Amino acid sequence: MIRSAYKDLVASLTSALMRPGISVGSTSGYPRVEIHSVTENMRLDKAGKLRMLTASIESITNDSMVKAHMMNEVNLELLQDLKIDKDFRLIGEPIADQMQAISETADAQNTLYRVIQTVNFYVENNE
């Protein structure tokens, strides 16, 4: 049976990115990190065990763009030791891909600073 790695990767990312003073996966409060736009791409081998997943990891703060970039750098460092559950294993290191920085004014006239980093993960099903 070929299982999706989506749920396992999201759970592992959430756990890996948690740290004091930073909310992960919540929808309110700053600073915070959100994991979204996770895409499980086409299988890369005949057996369907090897696949690439792409995640967009967003660092959001109301302090400054510099702080948002610093949060992103810490995120990338934390992902170097990422472990996935017993059914999947990470092949190689996560690969940082595209990055986008955005500042926007929210309804309450607060400026939010956002850095969105896409990261590619190659995983293999151990079953």
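1. Helices (H or I, at least four residues) and strands (E, at least two) are DSSP runs, numbered from the N terminus.

2. Please keep in mind that this is a predicted model, where local features need pLDDT of at least 70 and side-chain atom pairs count only at pLDDT 80 or more. Residues are numbered from 1 along each chain, and side-chain values use heavy atoms, without hydrogens and water.

3. Which residues of H1 are buried? They are Asp8, Leu9, Ser12, Leu13 and Leu17 (buried means under 20% relative accessible area, exposed over 50%, with a 1.4 Å probe and protein chains only). They lie on the same side of H1 because they cover an arc of only 145 degrees around the axis, taken from the directions from the helix axis to the C-beta atoms. The face turned away carries the exposed Lys7 and Ser15.

4. H1 also meets H2: Leu13, Ala16 and Leu17 in H1 are in contact with Asn75, Leu78 and Leu79 in H2 (contact means heavy atoms within 4.5 Å).

5. Leu9, Leu13, Ile57, Leu79 and Phe121 touch the most other members of the largest nonpolar core, which has 21 residues (buried Ala, Val, Leu, Ile, Met, Phe, Trp, Tyr and Cys joined through side-chain atoms within 4.5 Å). Elements giving two or more residues to this core include H1 (6–17) and H2 (65–79). Not counting residues up to four places away in sequence, Leu79 touches Leu13, Leu17, Ile57, Pro94, Val119 and Phe121.
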